[in-house]
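Q: I've got a model to go through with you. Can we take it residue by residue, then move on to rings and helices?

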Protein chains: 2
Amino acid sequence: MSAHPIKVGLLGLGVVGGGTWKVLNQNAEEIARRAGRRIEVAAVAVRDIEKARRLVGDDILVVQDGAQVATHPDIDIVVELMGGHSLARDWIMQAIAHGKHVVTANKALLAEYGNEIFAAAQAKGVMVAFEAAVAGGIPIVKAIREGLAANRIQWLAGIINGTTNFILSEMRARGEPFTEALAEAQRLGYAEADPTFDVEGIDAAHKLTLLASLAFGIPVQFDKAYTEGIARLAQEDLAHAERLGYRVKLLGITRRRPEGIELRVHPTLVPAENMLASVQGAMNAVLVQGDAVGPTLYYGQGAGALPTASAVVADLVDVTRLQAADPGHQVPPLAFQPDAMDDTPVLPMADVLSSYYLRLRVQDRPGVLADVARILADVGISIGSMFQEPHGDTEADIIFLTHQAREGDIDSALQRIVGLPFVHSDVTRLRVENLS
Amino acid sequence: MSAHPIKVGLLGLGVVGGGTWKVLNQNAEEIARRAGRRIEVAAVAVRDIEKARRLVGDDILVVQDGAQVATHPDIDIVVELMGGHSLARDWIMQAIAHGKHVVTANKALLAEYGNEIFAAAQAKGVMVAFEAAVAGGIPIVKAIREGLAANRIQWLAGIINGTTNFILSEMRARGEPFTEALAEAQRLGYAEADPTFDVEGIDAAHKLTLLASLAFGIPVQFDKAYTEGIARLAQEDLAHAERLGYRVKLLGITRRRPEGIELRVHPTLVPAENMLASVQGAMNAVLVQGDAVGPTLYYGQGAGALPTASAVVADLVDVTRLQAADPGHQVPPLAFQPDAMDDTPVLPMADVLSSYYLRLRVQDRPGVLADVARILADVGISIGSMFQEPHGDTEADIIFLTHQAREGDIDSALQRIVGLPFVHSDVTRLRVENLS
């Protein structure tokens with residue numbers, strides 16, 4: 001075992017930073033037995049120096065200015081666990097400029113500024129590792145980047161936001177409306193006071209953006225991701241989905257098609273027998289389809305101090321091992337060599353292919369169904385199954401499952417359908433993925 | 001990208017060898033984009049040279065003597081996909097002696113001779129990679145070895161034999177007895193004509209032996225593994241288990257306890273809501289519990305030409321990257337540095353802790369239950385739940401679930417129970433794992 005420990009500088013000592021400190025200490029022995037040398041925190045940048053001192057003691061440099069950590073000559077690896085855009089980005093760029101390797105859990109930063117950060121790292125010959133940025137402790141970045149390196153990845157679909165999966169699990173288990181399940185999630189600490197980021201699918205879209213780059217070797221393109229959250233999901237649609245053999249999950253889906261890459265986050269009907277349908281509560285899971293391996297699934301806790309720290313420290317072990325290698329032998333951050341990236345475009349949502357669940361309230365009289373079906377047929381959409389639920393004496397809800405269609409065609413059909421005189425509601429439209 | 005391709009020598013061109021050839025060719029571009037250089041098969045050792053020529057063409061060295069491939073100066077990595085013990089072992093040892101890295105899918109060989117092979121590789125500074133030896137295309141070796149490197153692993157439990165999981169799925173879905181489900185598995189090519197190896201749990205025990213070494217940093221010790229297959233499982237026990245909220249799976253389980261390591265393969269009652277219970281047909285899955293990450297699960301195809309080739313080629317990409325590193329920076333084959341292995345003993349089966357499902361046929365008269373419960377209580381075993389099924393007019397089956405107990409204590413209790421005059425059968429005993 002090497003006598004020289006690796007020296008780590010931590011930017012941030014909050015939930016994940018504190019968890020990383022704890023794991024590095026609690027499992028120091030186990031980690032050194034694997035890595036071949038000790039991994040030690042030598043410096044910390046925090047807002048509250050006194051509070052940090054109480055945790056890390058007096059033997060470690062504790063400062064407020066992250067730049068001092070990012071540029072410190074004794075530090076080998078800078079670990080950014082602050083979150084946010086501006087300071088985190090500055091300090092990461094300074095660390096890279098000073099030849100430090102970087103480990104970060106900052107999905108929002110990488111999804112928006114990853115291209116710039118990875119390019120700077122490549123120019124300096126340092127690594128940027130981000131296992132903790134996607135699906136917490138699940139080693140999904142490593143699985144796609146290395147474990148499935150033999151495959152042409154065809155698509156992946158993931159439950160990559162625990163808050164929304166918790167809310168959907170509650171809505172299903174207790175028959176609660178969204179607002180009550182959200183309140184419960186907030187009470188239990190699964191959702192923040194302002195839940196927008198999770199509930200509207202933005203957090204999932206950040207992670208999906210990174211997964212798509214790893215899977216297909218395309219630059220990160222968060223601005224092209226389609227994002228639709230769960231706040232408008234009605235309890236009755238969950239029940240209808242169940243009756244049709246599906247469960248509703250917030251999925252991040254990315255798929256390679258000859259025309260381009262689909263990149264989208266939205267509530268999705270998933271077959272009840274699919275492994276993703278069994279993912280309960282705040283757990284995460286990612287299903288990846290490769291041409292050689294077929295489907296593989298990765299499941300675990302997607303958030304929390306120790307699970308996320310598990311991913312941070314795994315990256316530290318990797319970087320410790322690979323730092324001696326020349327850049328040509330390091331694992332490229334986005335799985336593909338920087339000179340072998342792909343410029344396949346991300347498709348606009350209108351060009352996405354999906355099956356659809358449609359629900360509309362209509363006047364209950366003969367001919368209604370025929371008129372709606374005619375409009376769908378006019379744009380080439382065929383219906384897989386259909387059922388009707390009476391609503392009062394004169395109205396009914398019609399629920400359709402369509403076969404696969406272009407989203408743009410569904411849009412134009414729905415526009416015509418809501419204009420029909422006997423249609424009394426907007427059309428509820430959910431996407432259906434058979435994941436095969 | 002490097003101009004020099006990596007040269008691979010294949011030992012064996014059967015199902016997995018042919019699959020590896022196919023994946024390396026079909027995805028040559030995608031693999032080079034990730035690895036930074038091309039990976040090419042330069043030599044093949046096979047029994048039937050003519051048949052091999054038809055697949056690989058005339059530009060590649062094709063020989064019968066694997067030693068020629070294992071020692072060939074142009075070959076960088078030797079891939080052993082023949083199976084079996086004697087030739088495979090000789091040629092792998094020769095390859096190592098000649099400074100070649102080795103990739104193998106041979107779980108039986110590594111489970112029995114791994115310590116010797118890994119020691120020889122360490123002495124020569126070469127790598128031995130074996131992702132394909134456990135759970136086919138699922139990157140479980142990499143996940144434990146690298147992805148969970150921050151964790152003290154507490155236990156893992158896996159469905160790591162597709163044949164038996166297929167048979168158990170059929171028995172459950174169709175209410176078939178074991179023999180009919182086996183025949184169906186043979187008809188579909190999931191089971192061999194002589195199914196002993198799979199059905200008796202030996203194949204699963206080989207894989208579990210390797211997983212235990214990766215998880216705990218102990219030498220491979222196949223001879224210490226307890227192995228019990230599924231051939232004696234009765235349909236009615238599957239049904240009773242279901243009624244109690246469980247499904248029966250053939251699990252490989254290894255657990256670290258202060259006294260030692262549990263290492264065991266046997267039919268197991270798994271809670272119906274656990275992800276492992278949802279694993280259907282010939283699919284594999286491994287659930288790993290780490291102290292930081294909590295539970296994580298890895299799921300996919302555990303066998304077949306292309307899934308297994310996916311793992312072989314992932315190893316080739318890893319070895320290609322790491323071959324430039326000095327041995328101190330390579331990933332150790334059993335996850336822990338060779339000088340940091342652990343000598344924690346593997347516990348004898350009598351010292352294993354488990355809950356138990358017990359079924360016995362008794363004369364249906366008052367006092368029977370009290371006598372049986374008394375014997376269990378005498379050795380400190382408490383009963384979690386119980387129910388009785390009438391059998392004819394004068395007999396009944398009693399089904400118990402016990403709380404956790406030492407296997408040795410259960411053994412002695414059962415010995416006394418079967419001696420009771422009103423007990424008319426052997427006791428069926430299955431182990432129960434709550435996997436939490």
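Q: Is E192(B) buried or exposed?
A: Exposed: E192(B) has a relative accessible area of 54%. Exposed means over 50% relative accessible area, buried under 20%, and partly exposed in between (1.4 Å probe, protein chains only). This is a predicted model, where local features need pLDDT of at least 70, side-chain atom pairs count only at pLDDT 80 or more, and totals for chains, interfaces and linings use all residues. Residues are numbered from 1 along each chain as its sequence is written, chains are lettered from A and ligands numbered from 1 in the order in which they are written, and side-chain values use heavy atoms, leaving out hydrogens and water.

Q: Where is E192(B) in chain B?
A: In the loop between α9 and α10. Helices (H or I, at least four residues) and strands (E, at least two) are DSSP runs, numbered from the N terminus.

Q: What is E192(B) in contact with?
A: Q186(B) and D198(B), leaving aside neighbours within four places in sequence. Contact means heavy atoms within 4.5 Å. E192(B) and L182(B) are 10 residues apart in sequence, with 9.6 Å from C-alpha to C-alpha.

Q: Now chain A. Is D237(A) buried or exposed?
A: D237(A) counts as buried, at 2% relative accessibility. This residue lies in helix α12 of chain A.

Q: Which residues is D237(A) in contact with?
A: Y357(A), R359(A), T428(A) and L430(A), leaving aside neighbours within four places in sequence. L269(A) is 32 residues from D237(A) in sequence and 9.9 Å away, C-alpha to C-alpha.

Q: What angle does α12 of chain A make with α8 of chain A?
A: About 75°, with the axes 10 Å apart. Axes are lines fitted to C-alpha atoms, for helices over the stretch in contact, and angles run from 0 to 180 degrees between N-to-C directions. That makes α8(A) roughly perpendicular to α12(A). The cut-offs are 65 to 115 degrees for roughly perpendicular, under 35 for roughly parallel, over 145 for roughly antiparallel, and oblique for the rest.

Q: Which residues make the contact?
A: From α8(A), L168(A), M171(A) and R172(A); from α12(A), Q235(A), L238(A) and E242(A). By class, three are nonpolar, one is polar and two are charged. Ala, Val, Leu, Ile, Met, Phe, Trp, Tyr, Cys and Pro count as nonpolar, Asp, Glu, Lys and Arg as charged, and the others, Gly among them, as polar.

Q: Where is G260(A) found?
A: In strand β10 (residues 260-271) of chain A. G260(A) is buried, with a relative accessible area of 0%. Not counting residues up to four places away in sequence, G260(A) touches R255(A), T344(A), P345(A) and L347(A).

Q: On to rings. How many aromatic pairs are there over all chains?
A: Five. Rings of Phe, Tyr and Trp (its six-membered ring) pair if their centres lie within 6.5 Å; planes under 30 degrees apart count as stacked, over 60 as edge-to-face and the rest as tilted. One of them is F118(B) with F130(B), a tilted pair at 5.7 Å centre to centre and 45° between the planes. F118(B) is in helix α6 (residues 107-124) and F130(B) in the loop between β6 (128-129) and α7 (140-147) of chain B, 12 residues apart. Both are buried.

Q: Why is the pair of F166(B) and Y190(B) tilted?
A: Because their planes are at 40°, with the ring centres 4.5 Å apart. F166(B) is in helix α8 (residues 162-174) of chain B, and Y190(B) is in the loop between α9 (178-187) and α10 (196-199), 24 residues apart. F166(B) counts as buried at 8% relative accessibility. Y190(B) counts as partly exposed at 39%.

Q: Which ring does the charged end of R89(A) sit over?
A: The ring of Y113(A), 3.9 Å from its centre. The rule asks for NZ of Lys or CZ of Arg within 6 Å of the ring centre and within 35 degrees of the ring normal. In chain B, R243(B) lies over the face of F387(B), at 3.8 Å from the ring centre.

Q: What is phi of A335(B)?
A: Near 75°, a positive value in a residue other than glycine. A335(B) counts as buried, at 0% relative accessibility.
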